[in-house]
Amino acid sequence: LQTATQVSSEPQLPRWQGFSVLAVDDHPPNLLVLQALLAELGISVVTANSGFEAIDYIAHCAADKAVDLIFMDIQMPHMSGREAAKQIRKIEVQNSHIPIIALTAHSLSDERESLRISGIDDYVGKPINQGQLQQVLQKWLGQKGNIQSHPNSSFDVKQNSSATHEAQIARVPTVLDNQYTTMSLPKTSQLLVQNPPELAVIDWEDALMRAAGKPDLAADLIMMLIDSIEQEKADLTAAWHAHDRQALANIAHRILGASRYTGVPALRQASQDFEDKCLLNVHSQSPAQFILLTPFFEQLIRALDDLQTLDCSPWPALKYYRLQEHNMTWKMI
């Protein structure tokens, strides 16, 4: 009786058994987290790592493989999430409107009209958590069959205020936002940038929180990030020598995207700082501008090096849950 009572008192997550979602993101860790969270809710997940793959899937999938909702990363190389949404709206089956939810690391509250025009129905901030995810699913799948006229649409001109939408879809918690605070542009007399001592290379409690409390997933995400460091440093170095400020910003954004799902506070801050500085005057390639960028570039490289060379023995999960290639295939099924 005690066991039965304990089981019945445990909170039960809403289930959407039988629903299917297409998750579109160019960065594998983001897909891994989203797939894990959706799977807990009984949802079948199809993954695509580009807008092109997403369009191809929607255009050619059989009726029994159709998806009920699309989570679309906004900032992807070659084709943005906005453009992919536009193309999907052109090819989706007549009278069938698939909700497209934008996933973004930046606030889009002032871009609702442009999102609506591009075919996007709603948006949610990264990193998405279980609470946000359940609210989005309840909103768009809970009343399936009346999607186009859904009364809670973010873009419904009849809504009373923007606060209504903010209450429906919770944004990234303030505790996370505080870790993304942008450093001010350094004065020429103070070019040395150092990580604040309170920012750890790995924070396991932070890693667990960002991986929905799953040790295996938290470890996998960290190890995936570590495995990508050599390539990220090579890409950064090449773009730096080419004085390609936009490419540098894109690489920093990619690293930041992965670090937002992993417990790596120092790298998260360094990549955020460097992306911000690259975008501050993105078209300038003057030597003076790159002198100002240098300490932030070095800070990011140092943060990558620190993570790559860190002794992981204090965290047994990082030793025993290294992600194997066969655990996740980044292809559409």
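Me: What do the buried residues of α13 pack against?
Reply: They pack against α10 (215–241), α11 (245–259) and α12 (265–280), where contact means heavy atoms within 4.5 Å. This is a predicted model: local features need pLDDT of at least 70, side-chain atom pairs count only at pLDDT 80 or more, and totals for chains, interfaces and linings use all residues. Residues are numbered from 1 along each chain as its sequence is written, and side-chain values use heavy atoms, with hydrogens and water left out.

Me: Which residues of α13 are called buried?
Reply: Among them are Phe290, Leu293, Phe296, Ile301 and Leu307. Buried means under 20% relative accessible area, exposed over 50%, partly exposed in between (1.4 Å probe, protein chains only).

Me: How do you know that the span of α13 agrees with its number of residues?
Reply: The expected span is 1.5 Å times one less than the number of residues. The 23 residues of α13 (287–309) should therefore span 33 Å, and the end C-alpha atoms are 32 Å apart, which agrees. Helices (H or I, at least four residues) and strands (E, at least two) are DSSP runs, numbered from the N terminus.

Me: Where does α13 bend?
Reply: At Leu293, by about 40°, with Pro295 following within four residues. The bend is the angle between axes fitted to the seven residues ending there and the seven starting there.

Me: Why are β1 and β2 said to pair?
Reply: Pairing requires at least two bridges found by DSSP, and 5 join β1 (residues 20–24) to β2, so the two strands pair. One of the bridges links Leu22 to Val46 in β2.

Me: What makes β2 and β5 edge strands?
Reply: In the open sheet, ordered β2-β1-β3-β4-β5, β2 (44–48) and β5 (122–125) each pair on one side only.
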